Each structure stands twice: as C-alpha cells, then as structure tokens.
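Thanks for coming, everyone. Let me put the structure up, and then we'll walk through it.

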Amino acid sequence: QLLGESRYDWGGLDATLNYQKGFKSSKDRLLTFSYKTNHSKEPQENDNIFINRQNFTSPDYRQTNDSRSKEQTIQVDYVHPFKKLNIEGGIKGILRDNNSNFEYSSFNEGTGNYEVNPAMTNKFDNNQDIVGAYNSYSYNLKDWGFKAGVRVEGTFTNADFISNASTVKTDYFNVIPTFSANRKFKNMSSLNFGYTQRIERPGIYNLNPFVDRSNPNFESSGNPDLEAVLSNNLELTYSRFKKGSVNIGLSYNFANNTIQQVSVYNDATQITYTTYENVGKDRNLTTNINVNFPITSKWNLSMSGNIGYTKLQGTINGVMTENDGFSGYGYGNTSYKFEHEWRASAS
C-alpha cells in the first residue's frame, strides 16, 4: 500500500516594453522595437512511503525537482509602403535558459536516513538561442492582393548534464516560406488562399530528463534528444460581409517526424514508462464555417462548427502504429431584443 504526498508549485513574471516610431511621409510607415522577458519556476516534491508490503522490496523514496525557465525576446520590425507595394522586414532574437535540478533519495533501514542515489540525481541545463530575419512583400491591385515572404532562422541548442559531465549540442537552420493570394468580389465577398510553414520546437517540459516517480507504477520523463518539427499548412477561405457575415474555410496540415507522447509497459517491472519521441506523421484535413445573420432588426442568429479528419502514423519499438478518425463540433446561438432594453438568448 502506498502513502504518497506530492507538492507542485508555480511562480512567474512577465514584462514587455514596446516603442514605435511613425513617419510624417506616411502613416503606414512604422519602425517598432519590442522587448519581452519571462521568468517562471515549478518546484516539485514527491514523498512515497510503502506499508503492508507483499512481494515488494523497493525502499521508500523522496524526489525533488527544482525547474526554472527564463526567456528573453528582442525584436525590430520595419514597414515601408509604396503606392501598390508594401515591404516588411525585421530581425528577432530569442534567448531561452531552462534548468532542472532533480534529486532522488531512498530510505536506508540500516541507518534510518534517506540517502541520495547518484544514478537518479542530476542537474540539467538547456540553453536555446534563436536568431531570425524575415522579409515580405505585399502587392495590391483593384481586385487582387498578393503577399509572399521568407523567414530564415538559426537555432543553437546546448544541453548539459552537469552531474555526469555529458552534453548534447544541436544547431540547425531553417528557411521558412509563406505565400497568400486574395481575390475580392462584389457584394463584399472575397476568396483567400494561403500557404505557410511553421517550425515547432520542443519545450522544456518535453526535453527535461527528470523522471517523475510520484506514482510507482507510472514513470514519465522528457527526452533531451527531441528534434524540431516543420509543419505545412494550406488554407482556402471564403468570406462575405453583406447583411451579416459568412466565413467558410478548408485547411490541410501535414508534418513528418512529429513529437508524440509514447507509453510502453514493461512486463518484467510492471511499470508503464512514458516519454516523448519524434516518431509521428501527422495529416489533418479540416473544414469550418461561421455564420452571423440578422433575421430581422431585432432577431439575430449565429452558427459555427467544423469537421476534421486526422491521421497519425509512427513506428514504436519497430512496430508501425497508426490511428485515424473524425472529430468536430457545432455551435448555435440566437438572440432577440425586446423593448425597454430586455434581451433573450438561447444557445
């Protein structure tokens, strides 16, 4: 029988400073400086005591994990408009410093004290610096609008396991394009097509190798060897804003080598171990609709919903695993204005 006590705390601070300069030559010409800093800490303590033991020899144990994160973002953006052409550019730097100091102590019945287990104790530092620059061009005609751009990013990661003097270094560069086209029609309607590529980096929660043993039958940890994921998104949207509004969209998103949470049961130890791995292929096809329609001057109707098809595929321990299915939601709301400022609504 387990008598367990766990404590989780969180504290954080965010601060932002922005400065924007306009120009007399054009109100749309702007130069912006931005700075943001974020500090957070998430200490955790686990204390597990076992009583009435039957065929169980593991000692009582204690765990502590002092996890802290610090992030700074510095950014400069510039917008310069011409008659039909709009040029944007900027540079951005993100400095991330994450560390986790974790300790595992088991109870020694001979001495009556808790003793640190060096094999399960470590200090993990993860520093990630991201430097990026982007440039985009927008060109507008009477009924057409085009926008194209590119973003170049360099990521420099250095992970140190201080207790056993081992390191993991990962540096990579990405060239990320974006493109969109817009066609305007009569009756205040438009059709928009866009392609974007995004880079999704694993966070400290995914990377931290601290093994949470608050439940002896289920152990979970991060994976410091995770790689970033590039996702691609294609989107087609129709909009109309005459006597209410209608938005209908169709999007397709796909990515390889995605980060998935993997759980494996060990029959010998009877423990389920959970971590994160780059094992997935992700495909999502989604359609959505949003409608806001005034039936009369006092009666309004709004509806929204989407239907999506998702397919996941990956290899776990050499075995191909896949799953797919549909998901969606629907929402409706109607409201009526009465005299004397009364309103009734149902959803």
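Start with Q128 and R96. Their side chains are joined by a polar contact of 2.7 Å. A polar contact here is a pair of N or O atoms within 3.5 Å; within protein, one must be able to donate a hydrogen and the other to accept it, and residues adjacent in sequence count only if both atoms are side-chain atoms.

A word on the source. This is a predicted model, where local features need pLDDT of at least 70 and side-chain atom pairs count only at pLDDT 80 or more, while totals for chains, interfaces and linings use all residues. Residues are numbered from 1 along each chain as its sequence is written, and side-chain values use heavy atoms, with hydrogens and water left out.

Back to Q128. It sits in strand 7, residues 122–140. Helices (H or I, at least four residues) and strands (E, at least two) are DSSP runs, numbered from the N terminus. Is Q128 buried or exposed? Q128 has a relative accessible area of 6%, so it is buried. The cut-offs: buried is under 20% relative accessible area, exposed is over 50%, and partly exposed is in between, with a 1.4 Å probe and protein chains only. Setting aside neighbours within four places in sequence, Q128 has contacts that include I94, L95, T155, F156 and R201. Contact means heavy atoms within 4.5 Å.

Next, the core. Which residues make up the largest nonpolar core? There are 6: F102, F124, A159, F161, I204 and F210. Such a core is a set of buried Ala, Val, Leu, Ile, Met, Phe, Trp, Tyr and Cys residues joined through side-chain atoms within 4.5 Å. Look at F102. Beyond its neighbours within four places in sequence, F102 touches F124 and F210, and also T64, N65, M120, T121, N122, N208 and P209.

Now the hairpins. Strand 5 (residues 85–108) and strand 6 (residues 113–116) run antiparallel, joined by 4 bridges. Two strands pair if DSSP finds at least two bridges between them. N108 has N113 of strand 6 as its bridge partner. This hairpin has 4 residues between the strands, and G112 takes a positive phi near 75°.

A second hairpin links strand 11 to strand 12 through 2 residues. Strand 11 covers residues 212–215, strand 12 covers residues 218–220, and they pair antiparallel over 2 bridges. Here N215 is bridged to F218 in strand 12.

N52 is not a glycine, yet its phi is positive, about 50°. N52 lies in the loop between strand 3 (26–50) and strand 4 (61–81). Its relative accessibility is 60%, so N52 counts as exposed. N257, also a residue other than glycine, has a positive phi near 60°. N257 belongs to strand 14, residues 245–266. With a relative accessible area of 30%, N257 is partly exposed.

Finally, the whole chain. It has 1 helix and 18 strands. Its radius of gyration is 27 Å, well over the 20 Å that the globule rule gives for 347 residues, so the chain is more spread out than a compact globule. That radius is taken over C-alpha atoms, and the rule is 2.2 Å times the number of residues to the power 0.38. The C-alpha trace spans about 85 × 50 × 50 Å along its principal axes. Of the 347 residues, 30% count as buried. Among contacts with a separation of 6 or more, 58% come from residues 24 or more positions apart.
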